[in-house]
Amino acid sequence: MKPRIKLGFCDFYRGWNPQDNYFTRLLAPHYELEFSDQPDFLIYSCFGTEHRRHRCTRIFFTGENVRPDFEVADFAFTFDYLGHPDHYRLPLYAFYFEPQQLVKTDLDAERVLAGKTGFCNFVYSNPRCKTRIRFFEQLSKYRQVDAGGKLLNNIGGPVSDKRAFVSKYKFTIAFENGSQPGYTTEKVAEPMLLNSLPIYWGNPLVHRDFNPRSFVNFYDYSSFEALIERVIELDRDDAQYCQMLRQPWYHDNRVNPYIEPAHVLSMFRRIFTADRLPRAQQPSWRKSLLLDRFFPKVRPYATVR
């Protein structure tokens, strides 16, 4: 019989399904999940404060650019490189597809290129990242960049199927909401999935996640001007473009170990079998828990430039 786990979720974004998500799909084959408002294990995120009323084992998760608070959380899954024994690095791109989908097998680069009908796309709705907007404007001086989202839309309205739209383009502007070491989201991985070369800015350590020869990385260049010159070079030289497209997305064409489901599951096994009281039940933490309820800490987003 599978071990029974009394599990709860709170403080996620609107639309999060507490019974069908990355975590439940990972855990359900190995555990009998009982969903409860009074769980033994609570997975919570950064969009609320409900987690503070729970005294069970609290597991923080975020794909956003915020830090975990280990005065409140017993364990954490985030994109960060923290080196904390109770933290597991789980970048957000792992949530958007099966990791094996980015392993390349017998890609016909010339055939892929022949099917590209557009130069470059830009699909965003968040106007706060000025770096992203500035790059869009500069690259558009070379050729029109088709903006298919709500932000700067220039194709007559937002697209209904983002992936179908992105798949038509040679390049995708894949800029994060902000720049922070380790902060790698779906913005770079989704165009990879569609064989559209990402033009990337955000995580200066992105070369640890993906093969830097497989995409155009801002951090390999001295300026936007130099980055754009490289994009122009690839756009005008089909042989160079195809050479880059043949490169594996992952290093050695192998799934990154930290997003392998088996490794994430191992962390959960450690959490579920940890022989210690939750922080919220430890006597030394009761005072800080009380203060936390009345004076909640705000973990600010990193500066968006």
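**Before you look.** This is a predicted model, in which local features need pLDDT of at least 70 and side-chain atom pairs count only at pLDDT 80 or more, while totals for chains, interfaces and linings use all residues. Residues are numbered from 1 along each chain as its sequence is written, and side-chain values use heavy atoms, with hydrogens and water left out.

View 1. Helices (H or I, at least four residues) and strands (E, at least two) are DSSP runs, numbered from the N terminus. Buried residues come to 53% of the 305; buried means under 20% relative accessible area, exposed over 50%, and partly exposed in between (1.4 Å probe, protein chains only).

**View 2. Asn65, in the loop between strands E4 (57-61) and E5 (75-78).** Is Asn65 buried or exposed? Asn65 counts as buried because its relative accessibility is 4%. Its side chain makes a polar contact with the side chain of Arg67, at 3.0 Å. For a polar contact, think of a pair of N or O atoms within 3.5 Å; within protein, one must be able to donate a hydrogen and the other to accept it, and residues adjacent in sequence count only if both atoms are side-chain atoms.

**View 3. Asp86, in the loop between E5 and strand E6 (87-89).** Asp86 is buried because its relative accessible area is 6%. Leaving aside neighbours within four places in sequence, Asp86 is in contact (heavy atoms within 4.5 Å) with several residues, including Phe70, Asp74, Met267, Arg270 and Arg279. Phe75 is also among the contacts; this residue sits 11 residues from Asp86 along the chain, with 4.9 Å between their C-alpha atoms. Which side chain makes a polar contact with that of Asp86? Look for Arg276, at 3.2 Å.

**View 4. Glu190, in helix H5 (residues 186-193).** Glu190 counts as buried because its relative accessibility is 10%. Neighbours within four places in sequence aside, Glu190 is in contact with Lys162 and Arg163.
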